[in-house]
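Subject: Structure handover and notes

Hello,

Here is the structure we talked about. Please look it over; my notes follow below.

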Amino acid sequence: MTTLSTMPTPFPRSSTRTTMRAVELRDTFGVDSLTLAERQLPSPGPGEVLLRVRATSLNYRDYLVAVGEYDPHLRLPLVPLSDGAGEVVETGPGVTRVGVGDRVAGIFMQGWIAGPLTAEYPPTALGGAIDGMLAEYVVLDQRGVVRIPDFLTFEEAATLPCAAVTAWNALVRHSSLKAGETILVQGTGGVSLFALQFARAHGARVIATSSSDEKLKRAMELGAFEGINYRDNPDWASKAREITRDRGVDHVVDVGGPGTLGQSIDAVRESGTVCNIGLLTGFAGEVPTYKALFKEVRIQGVYVGSRAVFEDMLRAIDLHQIRPTIDRTFPMEEIRDAIRYLKSGQHFGKIVVTLGE
Ligand SMILES: NC(=O)c1ccc[n+]([C@@H]2O[C@H](COP(=O)([O-])OP(=O)(O)OC[C@H]3O[C@@H](n4cnc5c(N)ncnc54)[C@H](OP(=O)(O)O)[C@@H]3O)[C@@H](O)[C@H]2O)c1
């Protein structure tokens, strides 16, 4: 239960606890530039809350940020990672949305509360334009957090702000997913497995692709109807059409980008939706746009989602008791290994980074 209070709640600071540990992307880009640093323990100002971060999770974006491919102009030093969950330990004056002891997660773009994306929101993205969550304590605006369901651990909740919100935004908001429809998800990373789980919760059928038969087996255990190994079947779109008796799938969650978008358009039915989400094959490339035209396919860009989308998703996660798939957990001190493991593509689902006292 939240304590609603407009009075600031003092955090028991002591002369022995004025600093905290945080990971910083230091003077240059590169995984080896990620360094454990000591920073001043921050204080919440008016309307802000101090969180003790208990767990964070990795997204492919965090690799791109670390190596400078996401935005080479990002200001350094930078605390990385957009995703984290923890508990409120202190509130600044005027805070009413949450109280001390509440379990919360940060939202990806701190300024995007509801409605469509506008230009003012991306500069408020955690672990990119502004410092992120890989610190023992962070200060966030009270509007930039959501309360997490009781049944989820901090580790599980830390997987939600980017990958899960993106999958929900793509399927529910942009594709208006309905029971009985068929969706195709690419690979078995964070976004794709959340899309699989959300589609199943909506009564939809899922075709999963992967480079690994072993991972496809696990995707079927999670509820996928059919799996296609995209290494053994480079023309995976034809396989998807066969499975749907040549109708095509209703929606594709495209995380590949330029290298997969053409086949996503082939795989989808007339008037279907291809959500353009990922960059796994690069930032730009040739796509046969005429194919989208002649099928009236809607290609919809998706950039995570607002707090309102996050909160809609949390209600469904709570109702259906949907548990995120965590592949492996690393301690904060091993952030470099964690990022390298993400880049290796060995994982199935999410990689979590925990913070201990
Ligand atoms: N637009 C947005 O708001 C948004 C939000 C989140 C993520 N993204 C982007 O979406 C992509 C996925 O992110 P993520 O965090 O889910 O990544 P992730 O957890 O690292 O997942 C990557 C997985 O994708 C699969 N994969 C790799 N190359 C592929 C290809 N050519 N075709 C099909 N599957 C392929 C692999 O699965 P298998 O081993 O099973 O083959 C790999 O393990 C990234 O590009 C990320 O930047 C965008």
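Both faces of β9 are covered: Arg205, Ile207 and Thr209 on one side, and Val206, Ala208 and Ser210 on the other, are all buried. Buried means that 20 or more other C-beta atoms lie within 10 Å of the residue's own; exposed means 12 or fewer, and partly exposed is in between, with C-beta atoms placed from the backbone. Helices (H or I, at least four residues) and strands (E, at least two) are DSSP runs, numbered from the N terminus.

Two points on provenance. This is a predicted model: local features need pLDDT of at least 70, side-chain atom pairs count only at pLDDT 80 or more, and totals for chains, interfaces and linings use all residues. Residues are numbered from 1 along each chain as its sequence is written.

The neighbours of β9

Strand β8 (residues 182-186) runs parallel to β9, and 5 bridges join them. Strands count as paired if DSSP finds at least two bridges between them. Valine 185 in this pairing stands opposite alanine 208 of β9. From β8 the chain passes through helix α4 (residues 190-201) to β9, a right-handed β-α-β crossover. Right-handed here means that, with the strands pointing away from the viewer, the path from the first strand over the helix to the second runs clockwise.

Strand β10 (residues 226-229) also pairs with β9, in the parallel sense, over 4 bridges. Glycine 227 is the β10 bridge partner of alanine 208. The link from β9 to β10 goes through helix α5 (residues 213-221), and this β-α-β crossover is right-handed.

The core

Which residues have the most contacts inside the largest nonpolar core? They are Ala167, Ile183, Ala195 and Val253, in a core of 103 residues. A nonpolar core is a set of buried Ala, Val, Leu, Ile, Met, Phe, Trp, Tyr and Cys residues joined through C-beta atoms within 7 Å. Helix α3 (residues 160-174) gives the most to this core, with 9 residues. The core draws at least three residues from each of domain 1 and domain 2. Alanine 195 touches Ala167, Ala170, Leu171, Ile183, Val185 and Val253, leaving out residues up to four places away in sequence. Contact means C-beta atoms, placed from the backbone, within 7 Å.

The domains

Domain 1 covers 19-159 + 325-354, and domain 2 covers 164-301. These bounds come from an automatic or database domain assignment. Their centres, taken over C-alpha atoms, are 28 Å apart. Across the boundary, 9 residues of domain 1 are in contact with 10 residues of domain 2. The domain 1 side divides into 3 nonpolar, 5 polar and 1 charged. Ala, Val, Leu, Ile, Met, Phe, Trp, Tyr, Cys and Pro count as nonpolar, Asp, Glu, Lys and Arg as charged, and the others, Gly among them, as polar.

Backbone points to check

Leucine 76 and proline 77 are joined by a cis peptide bond, with omega about 0°. Proline 77 sits in the loop between α1 (60-67) and β4 (83-91). Leucine 81 is found in the loop between α1 and β4. Its phi is positive, near 80°, in a residue other than glycine. Leucine 81 is buried, with 32 other C-beta atoms within 10 Å.

Glutamate 296 has a positive phi of about 50°, although it is not a glycine. Glutamate 296 lies in the loop between α8 (289-295) and β13 (298-301). Glutamate 296 is exposed, with 10 other C-beta atoms within 10 Å.

Best wishes

How values were computed:
Contact = placed C-beta atoms within 7 Å.
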